[in-house]
Amino acid sequence: NGKIEWAMWANEQALAAGLILLTGGIVGVAGQFRDREFAAYSIAAGVFVCLLEYPRGKRNKGTSVERTGQYCFTVCVKSFGPLTRNYYVRAFLHAAICVPGGFILAAVLGCVCLGIASLIYLAAAIRGEQWEPILPWKESARKPVGESIKLPPQNPPPRPPAEMRRKRAEDLEAAAYVNPIAVTANDD
Amino acid sequence: MALSVRSWVANEGGKHLVLVLWLGANTLLFMRTFLLYYCGQQYHYLHQMLGLGLCISRASASVLNLNCSLVLLPMCRSLLTYLRGTHTVRSRKARRLLDKSKTFHMACGVAICVFSVVHVSAHLVNMVNFSVRYSEEFPSLNVARYRGEVRFPGITGILLVLILFLMFTASSYCIRVSNYEIFWYTHNLFIVFYIILIVHVVGGALKYQTNFEAHPPGCLRANQTNPDKTEEESGQAEGDGRSCREEARFQPNSPETWLWVSGPLCLYCAERLYRYIRSNSPVTIVAVVRHPCDVIELRMLKKDFKAHPGQYIVLNCPSVSSFENHPFTLTACPTEKKETLGIHLRVVGDWTVFNYEVSLCVAGGIGVTPFACVLHALLDGWRHFRLRRLYFVWVCRELQSFYWFAELLCALHHKLWKENRPDYLNLQLFVSQTDGLQNISEERYRPLSSRLMIGRPRWKLLFEEIGRTNKHKRVGVFCCGPKGISRTLHRLCNSDRYSGTTFEFNKESFS
């Protein structure tokens with residue numbers, strides 16, 4: 001152990017920040033604050049961030065724990081390729097998203113939290129971490145079993161040459177053996 | 001599988017009772033505070049100005065006070081260990097409840113987060129109302145300086161939410177398992193959280209009316225008309241028809257958070273101080289033994305150290321990290337004959353295997369370590385315990401793992417045979433990886449090889465057998481292993497097919 005994976009923490013933070021933005025936006029719209037456009041933006045930004053951050057990435061070492069039902073999100077996020085794989089992109093994206101939120105009271109908290117998440121993503125990117133999708137385990141990953149193991153052997157097992165197998169007259173001790181059952185000649 | 005009411009109550013009853021009490025306390029507090037601000041005479045004018053936002057924000061604040069004070073208590077581990085050991089906690093039931101303390105801590109934590117969201121949202125609405133419904137009639141009630149001004153909300157509230165955000169996002173199961181340090185360091189921000197929490201209410205934005213007898217809310221001043229209200233509306237208010245003797249006077253609410261929070265906070269700080277002082281006396285490592293499958297056994301000596309089987313110690317190794325402390329189960333407790341304590345590496349709590357007449361201990365892999373201490377204790381002397389029969393099931397992936405405690409198991413088996421109690425210990429070993437011919441070939445480990453089975457255990461059959469041979473008894477089930485096994489066992493304990501035998505489930509968690 002020893003290497004801390006910052007991206008995992010940043011992911012939790014960004015997801016929570018997305019929810020905070022969403023909640024703040026809903027309160028802003030429902031509470032009939034002025035500047036309702038910013039509140040609507042906050043809702044949209046919150047939903048977007050949640051969708052982006054819902055699928056967890058794969059850990060470098062050890063088992064990765066998926067979030068419930070994240071497979072379809074994983075597929076969507078994976079399809080953007082390097083845009084979603086690279087954490088520098090995510091860091092700047094979150095920084096950009098959180099700025100307009102700072103203009104209304106209701107979204108200030110979400111904005112600050114997303115800003116913190118963006119900083120942690122930056123730290124993760126500097127340490128070279130990347131987002132890898134968690135995909136279901138494929139059967140072909142197992143070592144392929146050779147075909148020859150399924151057929152019965154065609155040849156007898158290898159044996160030493162006939163001279164070595166024959167019992168030697170010089171070495172009676174080694175040649176002799178004791179019958180476990182008494183052997184008698186057939187008298188009938 | 002049918003659910004048996006009696007088994008369910010025995011296993012789950014206490015836990016659910018505490019849950020119901022806690023929910024009840026929260027609901028009661030919320031409703032009481034809500035109604036106070038909704039109907040209370042001293043808050044009449046404030047309520048008029050702020051509406052529902054006032055009631056919801058204050059009600060959620062009181063629930064937050066309760067949970068912020070409760071959340072610290074389950075973490076006073078030394079205190080809980082002391083309580084478990086004393087005779088004040090006589091029954092088994094109370095001890096099992098204390099084992100659930102971490103779950104309670106998490107429940108309070110989640111409640112704090114949820115109600116913080118409610119509280120902040122309600123205060124946002126309050127901010128707007130303070131600005132839009134600026135009151136010329138009662139200028140001292142206002143927080144805004146003029147109509148339409150939106151004051152920037154208290155900095156303490158923002159800081160609290162940020163700290164809570166950091167703590168909460170770092171405490172998910174995923175992060176605790178992979179990067180424990182992040183969880184530990186952010187969670188220790190709690191002290192900053194509490195300090196800011198105590199000063200949070202000192203601002204005094206919300207005021208109550210001090211003289212509502214002399215000035216019943218809604219009454220009309222003799223030579224002043226309220227341009228915003230008609231005759232009927234003001235007639236509806238509380239003091240209709242009565243004249244005011246004086247102007248309404250307001251005073252800020254006195255902060256009460258410190259009342260709730262300071263007790264548990266001091267208790268917890270005392271607990272941490274106690275742990276720190278105890279940890280300062282040094283420990284000598286007497287022996288290091290290497291076992292197969294990457295397991296190391298450490299034998300150590302520490303002055304005045306006493307422990308019971310099943311307890312764990314927390315180790316700090318300054319050359320690795322001066323701040324980190326990690327828990328390890330004791331596999332050998334110090335006794336009169338042998339003063340050293342031993343660990344094999346991994347975690348968990350103080351169990352009560354000996355308090356049942358019949359116990360079933362299930363270990364998965366390295367999860368056998370807490371039970372090793374139990375076996376050592378039996379080896380020292382088994383007669384004085386209430387325990388009469390122990391079923392010990394150990395499931396491992398590889399055969400080599402059984403060698404960790406092969407000596408101990410065989411020694412206990414031989415001792416019980418010599419002392420004429422062959423049925424005291426029922427040992428079953430399972431190797432779950434089924435490839436290859438596997439056997440324990442050493443002659444001195446014969447008791448183990450004859451009890452070795454290939455494949456996974458059939459739990460239902462085991463439970464039925466235990467039920468048949470121990471009718472009408474209460475069997476303690478102790479599990480330390482992977483979640484799958486513990487879930488299966490928990491489910492089996494709650495079902496009802498066991499001819500009058502009750503199985504009580506006790507589980508330990510790794511982290």
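Residues are numbered from 1 along each chain as its sequence is written, with chains lettered from A and ligands numbered from 1 in the order in which they are written. In this predicted model local features need pLDDT of at least 70, side-chain atom pairs count only at pLDDT 80 or more, and totals for chains, interfaces and linings use all residues, while side-chain values use heavy atoms, with hydrogens and water left out.

**Exercise 1.** Find where Asn26(B) lies, decide whether it is buried or exposed, and list its contacts beyond four places in sequence.

Solution. Asn26(B) belongs to helix 1 (residues 5–39) of chain B. Its relative accessibility is 6%, so Asn26(B) counts as buried. Contact means heavy atoms within 4.5 Å. With neighbours within four places in sequence set aside, Asn26(B) contacts Val63(B), Leu66(B) and Asn67(B).

**Exercise 2.** Describe the largest nonpolar core and the strand pairing of strand 9 of chain B with strand 10 of chain B.

Solution. A nonpolar core is a set of buried Ala, Val, Leu, Ile, Met, Phe, Trp, Tyr and Cys residues joined through side-chain atoms within 4.5 Å. The largest one holds 40 residues, and among those touching the most other members are Phe392(B) and Trp394(B). Elements of chain B that each supply at least two residues of this core include strand 8 (358–364), strand 9 (389–396) and strand 10 (425–431). Now look at the pairing: two strands pair if DSSP finds at least two bridges between them. Strands 9 and 10 of chain B run parallel and are joined by 7 bridges. Trp394(B) has Leu429(B) in strand 10 of chain B as its bridge partner. Of the 7 residues in strand 10 of chain B, 6 are buried.

**Exercise 3.** Locate the salt bridge of Glu357(B) and that of Glu407(B), and say which parts of chain B each one links.

Solution. A salt bridge is a side-chain nitrogen of Lys or Arg within 4 Å of a carboxyl oxygen of Asp or Glu. Over all chains there are 13. Glu357(B) pairs with Lys473(B), their closest N and O atoms being 3.7 Å apart. Glu357(B) is in the loop between strand 7 (341–343) and strand 8 of chain B, and Lys473(B) is in the loop between helix 16 (459–469) and strand 12 of chain B, 116 residues apart. Both are partly exposed: Glu357(B) has a relative accessible area of 29%, and Lys473(B) one of 32%. The second bridge joins Glu407(B) to Arg444(B), with the closest N and O atoms 2.9 Å apart. Because Glu407(B) lies in helix 14 of chain B and Arg444(B) in the loop between strand 10 and helix 15 (446–449) of chain B, this pair ties together parts that are 37 residues apart in sequence.

Note on methods:
Helix = DSSP H or I, 4+ residues; strand = E, 2+ residues; numbered from the N terminus. Buried < 20%, exposed > 50% of the residue type's maximum accessible area, 1.4 Å probe, protein only.
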